[in-house]
Every structure is written in C-alpha cells, then in structure tokens.
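Good morning, and thank you for the time. Please look at the sequence and the structure together as I go through a few points.

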Amino acid sequence: MSFTDTDIMDDIMQQIVSKKITPGTKLPSENELADRYHVPRMTVRSALTKLEERGLVYSVQGKGRYLQEKTKQIQLSLTGKTSFTEKMQQLGYDLKTENRYCEKINFDEKIYDALQAEETDAVYQIGRLRFIDNEPIAIHHSFVRKAHFPKIKEDGPQITSMFAYYRKLGYNHFSSSETMLSITFPTAKEQELLSCQSLVPLLVVETNCLDMETKEVLEYTKILYRSDKFTYDITAG
C-alpha cells in the first residue's frame, strides 16, 4: 500500500482518538515515521504540518513534535438571556476582557438590516477579546446604532460588557429573536488574536439583543469562539 500524507495524518488521528497516543507524548521522528509508512520524509513532514495547523501537534525546536496537551473544555450555553461575562462568572471561570476597538463601520446591508437601521445611520463596532485563565478564547463584535446610543463613540472604548453598559442606561431585561450558527477558519489577524493555527475551526454565533420591554433592537452581535476550547449547550435557558 502506498501511503499519502492524508493517510498518515488520518492514521495518527485514529491513534489519538483510540488513546494509543496520549496528550504530551512525543511523536516518532520524521525518519522513523517515513520508515514505518515506507514513504519519503517529505510526505511525513506534510502530514505532521497539517496536524500542527489543526492544533493537534506542536513542535519544540531541537526536540521534536508532541501531541498537544488536553485543555480544559469550557461549558458554554448558546441560548439564554444572560451575557457571556455573566455566564462565565456563574460557572466560576477566571474571565478577563480586553476592549480592542470602537470604530464606525461602513454600510453593511446585513448588519444594518439586523439593527433596523437606515443607510444614513451611523453604526459603531465594539470589539473585545475574551480570555479564560489568561488564554484567548473568543472575539466579540457588537454593532450598535449611534442614534440609539448617542455617546457610543466616547463610551465604546471602555466597554467590556455590553449588558453592563445597557443596564447603566436603564435597560434591564434582554432577549433575542434569532441566532445563527456557522463554522469558519481564522484569518491571519484572528489567528494572532486567538493564538491558534489556521485550521482550528471557529464557531461563529450571530444574534441580536432586544430590550424585552420595548422590543427595540439594541445590538447585532457576531462572536467567534475557538471550537477546541468549548463544549456547547444549545438547550439551556
């Protein structure tokens, strides 16, 4: 049988799933694997590179490649009426948030429609990077209308929790009318922010936030989660 890099990668992944290779284990060298599979060393290197891109394997210069250590999986409810900050605090996680920017965006039909905004309205994007145990795990993008929040340009750079900001302005009860889930792979910038490789999938959650009393749309939200860091609950309230 002639092995390809995909065959080798699949075989190693099967060994990981069956726990024949455990987290932290040093993998055989490229030469050893080339002999085992009867392939050129370049074929093995290609397979190992793909495993690194998926975040399953990491390299230590001068020592070799190792199976990634198993990380703690964070429980995340994708439904409910509480903010990400509140959910993480309730579960006892050490959450930190960095506000990265607050900027006016160009017209985007999808975002403007979600906000029920006119094309002439000013819409601002507030971006935050979330950390748990000092490890980046999610990027939150919140889009709001300036007409709804006149001081958002000044207030936005200090916001770490949108729900906390809304409560200061008298909004206390929230809901959403729709939530969309999809999968993507990180851009170069997102890889940098989330400290992940190019083939680590990101779960994309897009939703809106409504004031329950007035049914006004307060924001449109797009969240990028590192899929390898979470277990997901889509039924909890």
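Which residue in E10 does histidine 140 stand opposite? Histidine 140 stands opposite isoleucine 223.

A word on the basis: this is a predicted model, in which local features need pLDDT of at least 70 and side-chain atom pairs count only at pLDDT 80 or more, while totals for chains, interfaces and linings use all residues. Residues are numbered from 1 along each chain as its sequence is written, and side-chain values use heavy atoms, with hydrogens and water left out.

Strands pair if DSSP finds at least two bridges between them. Strand E6 (residues 135-145) runs antiparallel to E10, joined by six bridges. Strand E9 (residues 202-211) is also antiparallel to E10, with nine bridges, and valine 205 has isoleucine 223 as its bridge partner there. Five residues separate E9 and E10 in a hairpin, and lysine 215 in the turn has a positive phi of about 65 degrees. Strand E10 (residues 217-226) is largely enclosed by the rest of the structure, because nine of its 10 residues are buried, meaning under 20% relative accessible area with a 1.4 Å probe, protein chains only.

I turn now to glutamate 52, found in helix H3 (residues 41-53). The glutamate 52 side chain makes a polar contact with that of serine 59 at 2.9 Å; the term denotes N or O atoms within 3.5 Å, one able to donate a hydrogen and the other to accept it, where residues adjacent in sequence count only if both atoms are side-chain atoms.

Terms used. Helices (H or I, at least four residues) and strands (E, at least two) are DSSP runs, numbered from the N terminus. Buried means under 20% relative accessible area, exposed over 50%, partly exposed in between (1.4 Å probe, protein chains only).
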